[in-house]
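Please prepare a short briefing on this protein model.

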Amino acid sequence: MGYEKLTKIFYKEGNEYYKNEIDKRKNSYGSYLTSLTIRGFRKEQRINESYELFYVNTHKLMSLNNQVLINSSKISSLISKLPNFVVEPYFHKLIVNEAQSNNEIEGIRSTKKELKEVLGDLVRSDKKRKRFKGLMKTYLFIDKIKPFTEISDFRMLYDDLVSDEIGKNDEPDGELFRKGYVEINDGTKTTHIGLSTEVKIIESLNALINYLDDEQHSELYRYMVAHYYYEYIHPFYDGNGRTGRLLACSYLSRYLERYSAITFSYAVNKNKSKYYKALEEIPSPLNKGEMTFYLIDMLELLSSGQEGIIEDLEINLSKIERIKESFKSDTWNERIEEAELLRIMTHLSVFVNDETNFPVTKLMEISNKSRYKVNQIMSNLEDKGYVKVVKQRPKEYKVTDEFLDSILVI
């Protein structure tokens, strides 16, 4: 018999076999107890029975752990092959995708255009207050977030990330967190009830900090267990999903690399039902606190997000080879300055977005040339049909579809 969920074993094999299986799973060589305790949840209510969270390092779980590490190494290798001027814009594209997905999971309205504008302001150090500024700033510096060592670190993440988006009635009313009742409802039934007092919230967050430091547990397992336990605690009235995923992502970015970390919410958004089902199954009384299948689901989501980035990078690196070959033609031998600027614009259009607009000021920055020189170059490129003006005052250009097709389409 394969490794099956305890719930299934109870109904399939009977109570005696089920009890023996629980004992085996908790006391075998491949079992890991977390010291994190939850109360069971049944029929929309917490029950008095408590369980220590545990998991079994099955062959499937180990294989997934290895696959995530292999994928991460491959992403780093592919990123190293990119032209330097493409690396940050490509990461910014992933940030916008991730932030949009995080908002969609929580039912928050935002557009990619809006998020791009906020990100642009942050890159330029513009101090204007804008919606989603905290969210984009957190993603931009995801690999700079330090490990959580104090209770106040959780509140700091909340303040930086979502506090500007929280309604007045949902603001924390305790010393650092909420002090009142909170429940999660999927529209038809209650699926979770958070811890009941701020004292219990603080006590459990302290246990979470200790667990995050426990090196007996593999890093990937540790970070995903921590994500669940944070959601179980539910320290705030609103914003727990976003802060909980960013908590996991901040640790992933330091252990793997920022590209793998930044794609987690994007992968979750593509398979929300799998994500929520994995979270909701853990406190089932028949499950007895087992997290093995939850960890399998989370690592599958993480791996699928990585595979999406790998595929995107591989396709675009193939396109780079075509761009390289195109600019070797005799056409560009005597037009070196034009070739240099158009080549950069073409790379960015391919890697970031084929609808990318380039203001003259941006072109001056990436070419390190004067406004007069840039205007002269762009006028020549426009005459040849390689670029077109898409906005006047201030002037912005776009690489034409015809030129991109002439390079990339056979």
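**Briefing on the predicted model**

Ser250 is buried, because its relative accessible area is 1%, and buried means under 20%. The structure is a predicted model.

**Ser250**
- Ser250 sits in helix H10.
- When neighbours within four places in sequence are left aside, Ser250 is in contact with Ile142, Ile145 and Phe148.

**The annotated domain**
- An unreviewed UniProt entry carries the annotation "domain: Fido", which covers residues 149–297.
- Over residues 149–297, the chain is 57% helix and 5% strand.
- The C-alpha atoms at the ends of that stretch are 28 Å apart.

**His234**
- His234 is listed by UniProt under "active site", again in an unreviewed entry.
- His234 is found in the loop between H9 and H10.
- With a relative accessible area of 7%, His234 counts as buried, because the cut-off for buried is under 20%.
- Apart from its neighbours within four places in sequence, His234 is in contact with Arg178, Val182, Ile184, His192, Gly194, Ile201 and Asn240.

**The second largest pocket**
- His234 is also one of the residues that lie nearest the centre of the second largest pocket, along with Ile184, Thr191, Glu231 and Tyr276.
- This pocket has a volume of about 530 Å³ and is lined by 25 residues.
- At least two lining residues come from each of strand E3 (183–185), strand E4 (190–193), helix H9 (219–233), helix H10 (240–255) and helix H13 (272–281).
- H13 gives the most to this lining, with four residues.
- By type, the lining of the second largest pocket divides into ten nonpolar, seven polar and eight charged residues.

**The largest pocket**
- The largest pocket has a volume of about 1400 Å³.
- Its lining is made up of 33 residues, and those nearest the centre are Lys116, Gly120, Val352, Thr356 and Asn357.
- Two or more lining residues come from each of helix H4 (84–105), helix H5 (112–123), helix H14 (292–326), helix H15 (336–351), strand E5 (358–359) and helix H16 (360–367).
- The lining of the largest pocket consists of twelve nonpolar, eight polar and 13 charged residues.

Key: Residues numbered from 1 in each chain as written. Predicted model: local features only at pLDDT ≥ 70, side-chain atom pairs only at ≥ 80, totals over all residues. Heavy atoms only, no water. 1 Å grid on protein atoms, 1.4 Å probe; cavity = no way out; pocket = protein on both sides within 12 Å on 5 of 7 lines; lining within 4 Å. Points joined across faces, edges and corners; volume = space filled by probe spheres on them. Nonpolar A, V, L, I, M, F, W, Y, C, P; charged D, E, K, R; others polar. Buried < 20%, exposed > 50% of the residue type's maximum accessible area, 1.4 Å probe, protein only. Contact = heavy atoms within 4.5 Å. UniProt positions renumbered as here; feature names shortened; annotations may be inferred.
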